[in-house]
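Please look at the sequence and the structure first.

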Amino acid sequence: MGCNQQAQSQQQEPTAPAMAQPAPPTVEETNAVVTNSRQNAITRAVEAASPAIVSINVISVQRVRVRDPFFDDPFFGQFFRTPPRVRERQVQNLGSGFVMSPDGYIVTNDHVAGNATEITVSFTDGKTLEA
């Protein structure tokens with residue numbers, strides 16, 4: 001009886017015929033599903049507005065007062081009255097803005113382009129223009 005039970009337990013049960021498995025999704029299909037699942041109101045707004053966003057490169061002249069520790073000293077300054085020395089230097093700044101109208105008006109902040117001597121505008125497609 002012991003041998004007979006072992007023999008029966010080693011027998012495998014009959015299996016159903018193999019069913020056709022669906023093909024796994026392609027990389028493109030998976031990417032499309034992931035991309036669509038990430039879409040929301042913010043991403044759609046950014047996608048719609050991003051062509052109007054520009055980068056603004058500015059060169060301006062900045063005037064800087066040169067400090068002299070000898071003449072700026074409260075004690076010695078009373079004996080040596082000299083006009084403050086001002087030095088000019090070229091400064092590069094970077095900011096952003098957006099295209100306001102089809103004829104080329106661009107809106108940005110005054111601290112970006114307020115004292116500019118040269119302005120270059122870069123678009124998202126890589127195109128750059130002098131402003």
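Q: How much accessible surface does the protein have?
A: Accessible areas come from the Shrake-Rupley method with a 1.4 Å probe, and for residues only the protein chains shown count as cover. Carbon and sulfur atoms hold 56% of the accessible surface of the protein. The total comes to about 11,500 Å².

Q: Which element has the lowest mean pLDDT?
A: This is a predicted model, in which local features need pLDDT of at least 70, side-chain atom pairs count only at pLDDT 80 or more, and totals for chains, interfaces and linings use all residues. Residues are numbered from 1 along each chain as its sequence is written, and side-chain values use heavy atoms, with hydrogens and water left out. The pLDDT is the predictor's confidence in each residue, from 0 to 100, and its mean over the protein is 81. Strand E3 (residues 106-107) has the highest mean among the elements, 94, whereas the lowest, 53, belongs to helix H1.

Q: What is the order of the strands in the open sheet?
A: Two strands pair if DSSP finds at least two bridges between them. Strand E1 (residues 53-66) is joined to strand E2 (residues 85-99) by 14 bridges, and E1 pairs with strand E4 (residues 116-123) over seven bridges. Both pairings are antiparallel. The five strands of the open sheet have the order E3-E2-E1-E4-E5.

Q: Why is one side of E3 and of E5 left without a neighbour in the sheet?
A: Strands of a sheet pair through backbone hydrogen bonds, either parallel or antiparallel. E3 and strand E5 (128-130) stand at the edges, so one side of each lacks a neighbour, because each has a single partner strand.

Q: What is the relative accessible area of Val-107?
A: Val-107 lies in strand E3. Buried means under 20% relative accessible area, exposed over 50%, and partly exposed in between (1.4 Å probe, protein chains only). Val-107 is partly exposed, with a relative accessible area of 34%.

Note on methods. Helices (H or I, at least four residues) and strands (E, at least two) are DSSP runs, numbered from the N terminus.
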